[in-house]
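Here is a short tour of one protein chain. Have a look at the sequence and the model, and then we can go through them together.

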Amino acid sequence: MKFAFPLLLGAALFASPAEAQTGGNAISTTTISHAISLGTATPGGGFPLYGNAFAEVMNAADGSLTIAPRNTKGSNENIPLLEKGELDLALVAGEPAYEAFAGIGRAPVRLKILTAIYSNPGMFVVRADSPYKTIRDLVGQPVAFGAKGSGLPILARYVLDGLGLKQDEDFKAIYLDRAGDGPAMVEDGRVAALWGAGIGWPGFAAVASSASGARFIAPDAEEIARIRAKHAFLKPLTVPGGSYPKQSEPIASLGSWSFVLTREDLPDDIAYRLAKTLHGVEPAFCKKLAQACETTAANTVAAAPKPELIHPGVMKYFREIGMVK
């Protein structure tokens, strides 16, 4: 449900205890009378991990701020919940965001970007002792493509389509009720591979930490070129060495950026306040969660498909700090 924003005017504004403490500077703002709802995804995936850390860091930085994470079915549920005003903020993967902004298969959304959160290089993980070493090796095999409603299956669909493969025809595609169910299925052989994305993604970390260990399968250079020739919005991305246990070498892949999106009518001053608070806690957020090191004002400007998709309140703050003109 939407929360109320009682405005503090005149002398009351200066007397208000509602202040966001960012970078050592307190800023007077609108009082928030209810928690800010933040949609994440199913337990065991990357979005709940990130969303919980985001809320903890932001709430600690501003004592009057209450961001309340909420488990959902993921990106494909978060978008309509934002449109209906049943969420204030939500994590949305790059591919569903791209389709929603572009109006692919639906009317274009009027949602806005609060921040880019992290890049999502997509790849498969298999047991280290499995015979599978390339994407073609997995054709015909049972593969877990992520949770129903999440953005991961959509990313996989674009990647595979760029290679002339169909997710539901060329593979025995499995869609999970809970993102956290995938690693055990790899370990016990129910699936040959688990598809995922990102740096520090819990599913990859779980398989890599298991007794059998992990091998990662990503598109090779020729495959990346073929995929991008058909789906240019996907960008070359790299998983740095050491991102997962026993993964010493960097892994080249491709994908897109995930975002925190806002409902269309989130007030400008609230978006401004959230952006300023977030920018002030970038180092602390990075220290708390490795994936959050990519959550920066600079990355938000670079990752947004169009500048006008960034919330006006956020853009006001970015102009103040010289991030945009």
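Which elements do the buried residues of α12 pack against? They pack against β6 (112-127), α9 (268-280) and α11 (297-303).

## About the model

This is a predicted model, in which local features need pLDDT of at least 70, side-chain atom pairs count only at pLDDT 80 or more, and totals for chains, interfaces and linings use all residues. Residues are numbered from 1 along each chain as its sequence is written, and side-chain values use heavy atoms, leaving out hydrogens and water.

The average pLDDT (the predictor's confidence in each residue, from 0 to 100) is 89 for the chain, and 90% of the residues score at least 70. Over residues 1-29, however, the pLDDT is below 50.

## The whole chain

The chain has 12 helices and 12 strands. These are DSSP runs numbered from the N terminus, with H or I over at least four residues for helices and E over at least two for strands. Of its 325 residues, 54% count as buried, meaning under 20% relative accessible area with a 1.4 Å probe, protein chains only.

## Helix α12

Helix α12 covers residues 312-320, and its buried residues are Gly313, Val314, Met315, Tyr317 and Phe318. After α12 comes glycine 322, with a positive phi near 80°.

## Where α5 meets α8

The axes (lines fitted to C-alpha atoms over the stretch in contact, with angles from 0 to 180 degrees between N-to-C directions) of α5 (residues 152-162) and α8 (residues 221-230) come within 7 Å and cross at roughly 105°. That makes α5 roughly perpendicular to α8, a label for angles of 65 to 115 degrees.

On the α5 side, the contact (heavy atoms within 4.5 Å) is made by Tyr158, Val159, Asp161 and Gly162, and α8 brings Arg226, Ile227 and Lys230.

Note on methods: Buried means under 20% relative accessible area, exposed over 50%, partly exposed in between (1.4 Å probe, protein chains only). Angles under 35 degrees count as roughly parallel, over 145 as roughly antiparallel, 65 to 115 as roughly perpendicular and the rest as oblique.
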